[in-house]
Amino acid sequence: MTPEDRIKGARAYLAKLPHAISGQGGHPATYRAASILAHGFDLSYDDAWTLLQEWNSSHCSPPWGERDLRHKLNDAFVKPHEKPKGWLKKNERVVGANGRMVFDAKRVAEIAFGAVPLTTADLLLSAFKDDEVVCITNEAGQSDEGKYFPASKGSFLTRSEWITRFFGHDSKNRKHYERSEQGAWIRINPFTKDDFTGTDTAVSTYRHVLVEFDAKNRDEQIAIFHQSNLPITALIESGGKSVHAWVRVDASDKPQWEERRNSIYEFLADHDPDPQNKNPSRWSRLGGVMRGDKEQKILALNVGSDNWDDWVVWRDGQDLPDEMRTDFLESYNTLEDPNHVIGHGRWLCRGGSLLITGQSGIGKSSFTMQTACSWALGRELFGIPVKKALRVGVIQAECDVGDLAEAYQGVTSSMDLSAADRQVLRQNLIFYTETSKTGKDFADLVRKIVVRQHLDVIFCDPLLSYVGGDLSKQEVASHFLRNCIQPILKDTGCIIVFTHHEGKPKPKEVTDGQTISDMAYSGLGSSELTNWARAIINVRRESKEYPIFSFNLTKRGKLAGMRLPDGKPTLSIKLRHAEGKVLWEVVPPTAKFELLKVGQQYAHFSSKPSTARAALLKELEQDYSLDRLQSEAVLKAMVTNGILTPKKIGAALFYEGTHLED
């Protein structure tokens with residue numbers, strides 16, 4: 001975390017703190033704010049002083065004088081603290097735009113635990129009070145699958161009795177719970193005296209909520225709990241595949257407990273916490289005992305925020321938009337941008353969006369397959385480079401499994417893959433078929449897949465299947481793209497690619513007059529679609545007679561750095577379906593008609609005066625020995641490459657050079 005990040009986080013944190021009111025705890029409230037700056041975020045004195053002054057003017061009634069305020073800040077810098085210096089700096093995580101936790105997979109391996117092993121007595125001392133009734137059992141039944149489960153309501157003793165009789169250093173009955181094949185269990189909350197039912201109604205204090213993740217590996221589970229900054233009393237290995245977290249909510253009654261439980265599960269929803277653990281009398285594995293040959297190990301006690309209120313302040317304090325200062329922008333190295341993923345320039349970066357538009361029936365699905373396979377392998381596509389092999393997902397609605405298999409087998413059989421390449425594809429490329437979810441439901445599905453699979457890119461084919469409304473309406477397009485999809489990209493850094501349909505074919509005199517910029521608006525729907533997308537590709541069939549397609553980089557196309565076979569940059573190339581293969585390939589130039597080199601061959605047309613379309617086509621045929629189709633293709637290519645500009649005069653279409661001589 002950079003100093004700028006810490007300042008931003010500290011300012012947001014302070015904004016959510018309670019006001020300091022004279023006569024109502026104003027002194028400790030102000031010292032707490034000063035401690036958060038000086039100790040929690042480990043700010044310099046000058047930065048802490050600046051932020052404390054801001055907070056003083058907005059949150060203190062009446063505001064403190066400079067002398068008293070500096071005294072509070074000085075104390076915060078020199079007095080001892082319970083938590084390590086920089087504890088907020090270390091644990092702070094950005095909360096996603098939807099209020100859910102954003103997990104940083106790169107930080108999985110950074111957690112270190114203390115060398116001194118923790119005991120069951122340590123757990124009891126941290127989680128319960130001396131006279132509270134605690135329920136424990138090691139009586140077990142066994143399912144048909146061989147899984148053990150608690151087979152009794154448990155034994156009910158006070159914390160002091162459990163420690164004295166069973167879990168203290170000199171307890172006579174230690175061996176009763178120390179080791180068994182099935183292990184032992186403990187209920188996460190204390191119970192009412194003399195009520196041994198073990199039910200939710202018998203819970204006396206609604207202190208803890210149990211959270212675990214069955215579908216993730218151990219290290220990832222632990223990292224999620226640490227990065228969540230939740231107030232966790234204990235992290236306990238189950239002796240199986242999961243880690244149990246006792247999240248401290250300190251609710252006053254069951255309705256408040258349920259409300260806070262729901263907040264936790266919603267906060268962690270992108271990571272699929274086990275939905276079984278949602279009642280206050282829930283069993284957890286008892287830390288500090290053996291389960292067969294594996295320990296139900298207590299990994300850590302008192303992790304994250306000090307209490308529930310502090311965690312809420314931390315969570316809500318991160319809802320400010322990203323803040324960047326001019327000195328950061330001045331020094332940012334755009335040439336070595338770590339967010340740059342695809343293109344010679346910064347064409348597609350982390351969190352970017354790409355729209356691929358094309359007519360129905362031209363093979364957009366096979367084009368999507370070829371693009372996905374190329375990027376998953378880290379291979380360039382038609383001269384557009386990719387920085388590395390990417391984790392790629394494809395969600396589609398129009399192909400059955402046979403169609404997908406045919407496209408995948410056809411594309412990969414034409415890519416000259418080694419055994420190692422095929423292994424990379426198995427690791428980096430995954431497909432989903434989804435035909436019913438739309439709007440927010442679809443966006444939630446995308447977020448879940450991206451987070452679970454750690455995707456760099458996700459293709460969604462086609463866009464119209466997933467919007468859930470009339471895409472021609474600006475409010476529908478804006479809500480889906482900017483409110484549902486864009487937060488996923490920002491939170492995860494994944495690039496999303498939508499495959500989209502063009503409308504019904506337009507007259508030839510209209511499409512021949514289109515520029516690269518015009519093609520950006522060829523997809524069905526509101527112009528908001530074009531405005532939202534970072535980059536746009538248009539694929540269009542050139543004629544009915546010949547299966548030749550133009551591949552056009554429209555919005556931000558120059559940043560892609562697409563190259564012709566001779567290495568020269570271009571915004572448009574010609575593609576075709578390979579003979580007998582499911583593969584798109586560049587059309588090779590002919591000796592007489594080298595359309596791919598139109599930028600050099602016809603550059604002098606940039607000074608051509610206004611000429612009618614028919615006259616211009618006739619000139620190309622007579623002077624350059626081209627047939628009609630070739631002449632039409634050259635004319636279109638000159639417009640695409642900025643050599644000619646189309647102009648309508650009445651019903652007639654004219655062209656004139658873009659650099660007319662005076």
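Biologist: In which helix does Ser263 lie?

Modeller: This is a predicted model, in which local features need pLDDT of at least 70 and side-chain atom pairs count only at pLDDT 80 or more, whereas totals for chains, interfaces and linings use all residues. Residues are numbered from 1 along each chain as its sequence is written, and side-chain values use heavy atoms, with hydrogens and water left out. Helices (H or I, at least four residues) and strands (E, at least two) are DSSP runs, numbered from the N terminus. Ser263 lies in helix H10, residues 254–267.

Biologist: Is Ser263 buried, partly exposed or exposed?

Modeller: Buried means under 20% relative accessible area, exposed means over 50%, and partly exposed is in between, with a 1.4 Å probe and protein chains only. Ser263 has a relative accessible area of 25%, so Ser263 is partly exposed.

Biologist: Which residues does Ser263 touch, leaving aside residues up to four places away in sequence?

Modeller: A contact means heavy atoms within 4.5 Å. By that rule, and not counting residues up to four places away in sequence, Ser263 touches Trp308 and Arg315. A C-alpha distance can also be read: Ser263 and Arg100 are 9.5 Å apart, C-alpha to C-alpha, and 163 residues apart in sequence.

Biologist: What do the totals say about the chain?

Modeller: The chain has 24 helices and 29 strands. Its C-alpha trace spans about 105 × 70 × 40 Å along the principal axes. Of the 662 residues in the chain, 51% are buried. Among contacts with a separation of 6 or more, 69% come from residues 24 or more positions apart.

Biologist: How is the length of helix H1 judged?

Modeller: The expected span of a helix is 1.5 Å times one less than its number of residues. Helix H1 (residues 3–15) has 13 residues and should therefore span 18 Å; its end C-alpha atoms are 18 Å apart, which agrees. Several residues of H1 are buried, including Arg6, Ile7 and Tyr13.

Biologist: Which residues does Asp310 touch?

Modeller: Not counting residues up to four places away in sequence, Asp310 touches Tyr13, Arg32 and Ser305. Asp310 is located in helix H11, residues 308–316. Its relative accessible area is 8%, so Asp310 is buried.

Biologist: Is Arg447 buried or exposed?

Modeller: Arg447 counts as buried because its relative accessibility is 3%. Arg447 lies in helix H16, residues 439–453. Not counting residues up to four places away in sequence, the residues that Arg447 touches are Asn98, Arg100, Asp270, Pro487, Ile488 and Asp491. The C-alpha atoms of Arg447 and Ile485 are separated by 8.6 Å, and these residues are 38 residues apart along the chain.

Biologist: How many aromatic pairs does a search of the whole structure find?

Modeller: Rings of Phe, Tyr and Trp (its six-membered ring) pair if their centres lie within 6.5 Å; planes under 30 degrees apart count as stacked, over 60 as edge-to-face and the rest as tilted. The search finds 27 aromatic pairs. In one of them, the rings of Phe480 and Phe498 have centres 6.1 Å apart and planes at 45°, so the pair is tilted. Phe480 is in helix H17 (residues 474–492) and Phe498 in strand S22 (residues 495–501), so this pair ties together parts that are 18 residues apart in sequence. Phe480 and Phe498 are both buried. Ring pairs also link Phe367, Phe382, Phe549, Phe551 and Trp584 into a cluster.

Biologist: Where is Phe382 found, and what is its phi?

Modeller: Most residues other than glycine have a negative phi, and most peptide bonds are trans. Phe382, although not a glycine, has a positive phi of about 50°. Phe382 is found in the loop between helix H13 (364–377) and strand S19 (392–396). With a relative accessible area of 11%, Phe382 is buried. Asp250 also has a positive phi, near 45°; Asp250 lies in strand S11, residues 243–251. At 36% relative accessibility, Asp250 counts as partly exposed.

Biologist: Which peptide bonds are cis?

Modeller: The bond from Ser61 to Pro62 is cis, with omega near -5°, and Pro62 is in the loop between strand S2 (60–61) and helix H4 (66–78). The bond from Asp461 to Pro462 is cis, with omega near -5°. Pro462 lies in the loop between strand S21 (457–461) and H17.
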